[in-house]
Amino acid sequence: MKTTDVTSRLASLGGAKWDLHLAARDRIAAGADIIEMTIGEPDVPVPAELLEHSIASMRAGRTGYSDGRGELNLRRALAESYSASRGRDFEPDNFLCFPGTQTALFAAMMGVAQHGDEVLVGDPMYATYEGVVAASGAKMVPVPLKPENGFRMQAADVATRITPRTRALLLTSPHNPTGAILGQSELLELCELARIHDFWILSDEVYEQLVFDGAEFVSPLSLPDYADRVIAVSSISKSHASPGFRSGWCVGSKAFCDALLPYSETMLFGNQPFIADMTELAIRKGSSVSNGMRQRFSRRAQLLADRVEAETALEVHRPEAGMFAMINVAATGLTGDAYAWELLENGVAVMPGSAFSASLTSWVRVALTIEDADFETALSRLISHAQLLVKGAA
């Protein structure tokens, strides 16, 4: 039996990137002493008030079909929140609701790119981005995010990759996996390129509320001269420690949302009303957990960088936001893949950098989302192992 072209385009872009993570989970289930630092799960449970509100909403009968755009009460809350944070007016019809940031990004991409088009994406990138672009039929054009620039996208690097087929630039700020944040001047330069060459800006902003002290988040939605060509996606997965509820949205011009609505309705026809009610509460009250998370993640990132760089020959990229830090393991003489598998044998699971880019073959990504005691144990194991590897490579 034949399958469609899209399955062929995605055939090599699936679960293989998560092989080490899955292997670690299997070993932990079998009783192995392994500390997992692979994926970005919040380090706190879903806030109790959100759980109770979703349960109360279900018991009140909010379990029927939804508005195809997403529940109006939620979209009103989002409009008020974005109007306050972006400094310009938003209406409920500037939003479409989806089950998580991933689905919102997928739908938005399908609304701006297709066969014959090109989409510019910062490289390294979150592991699913390549698949999202490939699913649309467009060609992904990587834009190097260079360590010497703090992994922040530079307009000069974008400009050399623009062609008449360029239809969109996918931005991630704060960035996964590097934790870099684009400043306003950098965003202005990128948006000006989009205006000159007439392409869309897609902005993944899911880590917005996990910005460390001393850094500042700026959304391209805050730049009014470019508003009609910006589409942003986000969710409560990170900010409210609610990844399993799959509650996200895209925000853009009313014209774009109107055009995308029929596509959205063929996928899922709105979000679950009881989850929408919970999300409305989350948006209106703000997060009771994001401040604590960002402080803990920042402190752990600082501890990781200070100890690793003082006690080993490895180098750490210090993140400005998010849940992860990057370690350059080139001094061990191993690739990031080989290093990560060896470290797994020594009781710590991290993600090989190659899961996010061929440019990160000497790097690994470390999650900052485990309890302090486990984090310090994992850090000691990582340092001891690195010291042995570097000594052996000398």
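1. The crossing of α5 and α9 is right-handed, a crossing being called right-handed if the near helix is turned clockwise from the far one by less than a right angle, and left-handed if anticlockwise. The axes of α5 (residues 101-112) and α9 (residues 254-267) come within 10 Å and cross at roughly 120°, and the two helices are therefore oblique to each other. Angles under 35 degrees count here as roughly parallel, over 145 as roughly antiparallel, 65 to 115 as roughly perpendicular, and the rest as oblique. Axes are lines fitted to C-alpha atoms, for helices over the stretch in contact, with angles from 0 to 180 degrees between N-to-C directions.

2. On the α5 side this contact (heavy atoms within 4.5 Å) is made by T103, F106, A107, A108, M110, G111 and V112, and on the α9 side by F256, L260, Y263 and M267. These residues divide into 9 nonpolar, 2 polar and no charged, where Ala, Val, Leu, Ile, Met, Phe, Trp, Tyr, Cys and Pro count as nonpolar, Asp, Glu, Lys and Arg as charged, and the others, Gly among them, as polar.

3. The model is predicted, so that local features need pLDDT of at least 70 and side-chain atom pairs count only at pLDDT 80 or more, whereas totals for chains, interfaces and linings use all residues. Residues are numbered from 1 along each chain as its sequence is written, and side-chain values use heavy atoms, with hydrogens and water left out. Helices (H or I, at least four residues) and strands (E, at least two) are DSSP runs, numbered from the N terminus.

4. Helix α4 (residues 72-86) and helix α10 (residues 273-285) pack at about 20° with their axes 8 Å apart, which makes α4 roughly parallel to α10. α4 passes α10 in a left-handed crossing. In this contact N73, L74, R76, A77, L78, E80 and S81 of α4 meet A276, D277, T279, E280, I283 and R284 of α10, and by class there are 5 nonpolar, 3 polar and 5 charged residues.

5. α4 also lies across β2, β7 (230-235) and β8 (248-251), running at about 120° to β2. An open sheet of 7 strands has the order β2-β8-β7-β6-β5-β3-β4, with mixed pairing; two strands pair if DSSP finds at least two bridges between them. Its edge strands, each pairing on one side only, are β2 (95-98) and β4 (139-144), and the twist averages 20° from one strand to the next. Strand β3 (residues 118-123) runs parallel to β4 and is joined to it by 6 bridges, with L120 opposite V141 in β4.

6. Another open sheet, of 5 strands, has the order β1-β11-β12-β10-β9 and mixed pairing, with β1 (35-37) and β9 (315-317) as its edge strands. Strands β10 (residues 324-328) and β12 (residues 363-367) pair in the antiparallel sense over 5 bridges, and N328 stands opposite W363 in β12. Helix α12 (residues 336-345) packs on the sheet, touching β11 and β12, and its direction makes about 165° with that of β11.

7. The whole structure holds 28 salt bridges, a salt bridge being a side-chain nitrogen of Lys or Arg within 4 Å of a carboxyl oxygen of Asp or Glu. In one of them R296 pairs with D43, the closest N and O atoms being 2.8 Å apart. R296 lies in helix α11 (residues 290-311) and D43 in the loop between β1 and α3 (48-59), so the pair ties together parts that are 253 residues apart in sequence.
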